[in-house]
Amino acid sequence: MSRRISVLALAAFGVLAAGAAGADTWRYATEEAAAEDVQNVFAEKFKEQIEANSDHEVQLFPFGTLGESADIMEQAQSGILQFVDQSPGFTGALIPEAQVFFVPYLLPQDPDKLAEFFRTSKAIHELFPPLYAKQGLELLSMFPEGEVCMTTKKPVHSPADLNEVKFRVMTNPLLVDSYKAFGATPTPLPWGEVYGALQTGIIQGQENPGFFLDSTKIYEVTDVITCIGHNNFTTAMMANKDFYDGLGEEDQTLIQNAAKAAFDYILDYQQGLQEKALEAIKAAKPDMQINILSQEERKPFMDTAGEVESSFVSMTGDSGKTILDQMKADLQAVQ
Ligand code: 6CS
């Protein structure tokens with residue numbers, strides 16, 4: 001080896017070694033585009049905590065910069081990204097048990113109970129991490145994003161009103177079953193296609209939490225918002241597992257603490273967010289109808305829960321049943 005080459009090799013080794021022991025740049029992608037969207041507020045808080053407590057830097061990639069949810073998940077699994085936010089709505093195709101979050105009316109509506117559930121759930125903190133680990137992912141946090149409401153072109157007061165409505169759902173089989181049980185014709189699509197599909201009439205409905213209906217201006221291409229209290233949008237934040245396992249204890253603790261701080265912050269951030277978002281939509285489009293269905297009107301939707309739960313168990317077997325039972329026990333504990 002010539003001296004010049006060996007010096008270059010050493011210099012390169014020095015840079016790599018310094019990188020391993022010193023300041024690194026970590027890449028983190030989310031599924032949402034606007035800075036005030038819940039996943040980005042969480043990510044920004046995480047970044048702030050990491051950068052305030054170490055020499056590492058976190059680069060954020062909101063939706064639209066690196067592709068659809070499935071793309072960023074692939075990038076996280078292959079190690080191109082160190083962190084990713086992917087919702088069970090998409091992860092359900094990879095980890096079928098994650099679809100448990102789509103059994104209607106399973107999660108409580110009360111924000112304090114919901115927060116306590118996410119904070120303490122054994123299903124979330126003990127049963128899900130090994131399932132994510134099998135997919136090369138270190139599950140760092142699961143958090144709620146807000147009550148999901150439907151947006152459609154025509155009013156919905158009962159499942160009969162969803163008859164023949166092509167309704168976009170995230171790409172997992174249980175959501176398809178759930179919207180079939182609600183009377184609609186479910187159409188799984190990645191997020192990037194939803195606005196255009198509503199605009200051209202390929203689909204006539206979709207569901208999302210209030211802040212997202214507002215920030216994505218989905219109300220421009222739908223006319224009615226209907227809230228039936230059937231779900232709260234859940235998401236998950238994770239790291240590439242090889243990357244995480246290769247870190248020293250100090251960096252792992254740094255990441256765990258930053259994820260915990262972001263979790264607490266995001267629960268506070270959501271107080272009153274749904275109401276504010278619905279008001280903002282009404283201000284932007286005064287003829288938008290916003291219907292919060294009564295208990296009586298909700299009943300036929302609620303009655304589908306057992307059927308969807310059975311589909312979940314037949315899709316996921318013993319593993320899914322264990323998660324479902326644990327979730328019910330966790331929910332019981334916070335009631
Ligand atoms: O419906 C969706 O696909 C999106 N909804 C939210 C609230 N976050 C990300 C996800 O891609």
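Which element gives the largest share of the lining of the largest pocket? The close-ups below take up that question and a few others, using a predicted model.

**Close-up A. The largest pocket and its centre.** Here you are looking into a pocket with a volume of about 630 Å³. Its lining counts 28 residues, and those closest to the centre are Q109, P111, L114, N232 and Q270. Two or more lining residues come from each of α5 (111–120), β4 (137–152), α11 (249–269) and α12 (273–284).

**Close-up B. The make-up of the largest pocket's lining.** To settle the opening question, α5 provides the largest share, with five residues. Sorted by class, the lining holds 12 nonpolar, nine polar and seven charged residues.

**Close-up C. The second largest pocket.** This pocket holds about 350 Å³ of space. Of the 15 residues that line the second largest pocket, H125, L140, S141, Q256 and K260 lie nearest its centre. At least two lining residues are supplied by each of α5, α6 (122–133), β4 and α11. In this lining you will find eight nonpolar, three polar and four charged residues.

Close-up D. Look for N172 in the loop that runs between β5 (166–169) and α7 (173–181). N172 counts as buried because its relative accessibility is 2%, and buried means under 20%. Its side chain reaches the backbone oxygen of G89 at 3.1 Å. Leaving aside residues up to four places away in sequence, N172 touches P88, G89, G92, A93, Q99 and F102.

Technical notes. Residues are numbered from 1 along each chain as its sequence is written. This is a predicted model: local features need pLDDT of at least 70, side-chain atom pairs count only at pLDDT 80 or more; totals for chains, interfaces and linings use all residues. Side-chain values use heavy atoms; hydrogens and water are left out. Helices (H or I, at least four residues) and strands (E, at least two) are DSSP runs, numbered from the N terminus. Buried means under 20% relative accessible area, exposed over 50%, partly exposed in between (1.4 Å probe, protein chains only). A polar contact is a pair of N or O atoms within 3.5 Å; within protein, one must be able to donate a hydrogen and the other to accept it, and residues adjacent in sequence count only if both atoms are side-chain atoms. Contact means heavy atoms within 4.5 Å. On a 1 Å grid over the protein atoms alone, a cavity is a set of points where a 1.4 Å probe fits but cannot get out, and a pocket is an open set with protein on both sides within 12 Å along at least five of seven lines; lining residues have an atom within 4 Å of a point. Grid points are joined across faces, edges and corners, and a volume is the space filled by probe spheres set on the points. Ala, Val, Leu, Ile, Met, Phe, Trp, Tyr, Cys and Pro count as nonpolar, Asp, Glu, Lys and Arg as charged, and the others, Gly among them, as polar.
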